Amino acid sequence: TGAIGLYNIGQSCCLNSLLQVFLMNRHFTTILRRITVPPHAAQKRRNVPYQMLLLLETMQRGKQKAVSPIDLACCLSVYKVKLFVQYDAAQLFLTLWNLIMRQMKKPELVEELNYLYTICVQEHLACQKCSSETKRNSSMLTLPLPVLDSNSHMLKTLEDCLQYFFHPEELTDHNMCFCEQCGRKTPFLQSMKLVHLPQTLTIHLKRFCFEQSAYIHKLSHYLPFPQDLDFNAVLTENQCQADDNEKAAWQYELFAVVAHSGSTSHGHYCAYIRSLTECKWYCFNDSEVCQVSWDDVKCTYGHSNLHWGETAYLLIYMKKHPQ
């Protein structure tokens, strides 16, 4: 099954959880196995994809319940990813991704990785006075979904968060933009439209927010997410900028949940991952790995009265029918 744990080697629970999500994804490991091996020992020690491949092979051939990611951690420390540091899983995911992409030598593998993980959206800005409009495509690694609306009301479901993220926003008063056609600042309508979704979709639930005192507060309220997610049923036609072939593949199944427990300053991460070979859920908690049920995964929905409790932070979905 590949369900092997990773020893915690110095507040490395966040790194361990993300590594398990990467290495349990057979679409990612298929690409990883085709990398160009660096020719020299010094280059091998500094190459993140190569060290991830070595770790994967150690996990797959070992008979022990857990292995140590120390060589990969030493490699990451060269790029300022230190041990004994509390990391934010969304930020560390982006850091790992950038290092992997930068050190992939084969252009075709870079392209495949982009197709595997990258989201494409189209940003629209429309002047409310003269109706002139600008459009710009941009790429994202995660969908960063607010869990509160603009009035600080709690959003009730993942689908609500998605609808809110793609809902048009009026830019008025001090948020007005300069319109070249009008020659002055005018009210604008800002919106985001979905263009392309990847094979492996990562959703970032923004449960950590700044209060006015600059204190980071964790939002632990109940927020359910489905095992099956169809974007065509969630978003309207106006929120999409894609053809029918693209949209036909927007049906997803939950693959993994990276969950956070504790406070913002003293937290812990673990990962719930569905084995693609067995279709069973496992909890990867550093060196401890155990089979769990869907009810166990649902415990990460959150609870308003349990601020130290376990709440889902990253949701990783996979396409049911990739093109």
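Start by selecting S275 and E278: a polar atom of the S275 side chain lies 3.2 Å from the backbone nitrogen of E278. This is a predicted model, in which local features need pLDDT of at least 70 and side-chain atom pairs count only at pLDDT 80 or more, while totals for chains, interfaces and linings use all residues. Residues are numbered from 1 along each chain as its sequence is written, and side-chain values use heavy atoms, with hydrogens and water left out.

Stay with S275 for a moment. Its place is the loop between β15 and β16 (281–285); strands here are DSSP runs of E with at least two residues, helices are runs of H or I with at least four, and both are numbered from the N terminus. Is S275 buried or exposed? S275 has a relative accessible area of 1%, so it is buried (under 20%; exposed is over 50%, partly exposed in between, with a 1.4 Å probe and protein chains only).

Next, the open spaces. On a 1 Å grid over the protein atoms alone, a pocket is an open set of points with protein on both sides within 12 Å along at least five of seven lines, a cavity is a set where a 1.4 Å probe fits but cannot get out, and lining residues have an atom within 4 Å of a point. Grid points are joined across faces, edges and corners, and a volume is the space filled by probe spheres set on the points.

Select D88, Q91, F208, I216 and Y313: of the 15 residues lining the second largest pocket, these are the closest to its centre. This pocket has a volume of about 320 Å³. Why does it lie between two domains? Domain 1 (1–118) and domain 2 (140–170 + 199–322) both give residues to its lining, with bounds from an automatic or database domain assignment.

Move on to P146, Y164, F165, E169 and Q190, the closest to the centre of the largest pocket among its 25 lining residues. The volume of the largest pocket is about 660 Å³. Elements that each supply at least two lining residues include β3 (119–127) and α8 (158–165).

Finish at the largest cavity, which holds about 60 Å³ of space. Select G10, Q11, S12 and K82, which are among the residues lining it. Then colour α1 (13–23) and α5 (70–77), the elements that give two or more residues to this lining.

How values were computed
A polar contact is a pair of N or O atoms within 3.5 Å; within protein, one must be able to donate a hydrogen and the other to accept it, and residues adjacent in sequence count only if both atoms are side-chain atoms.
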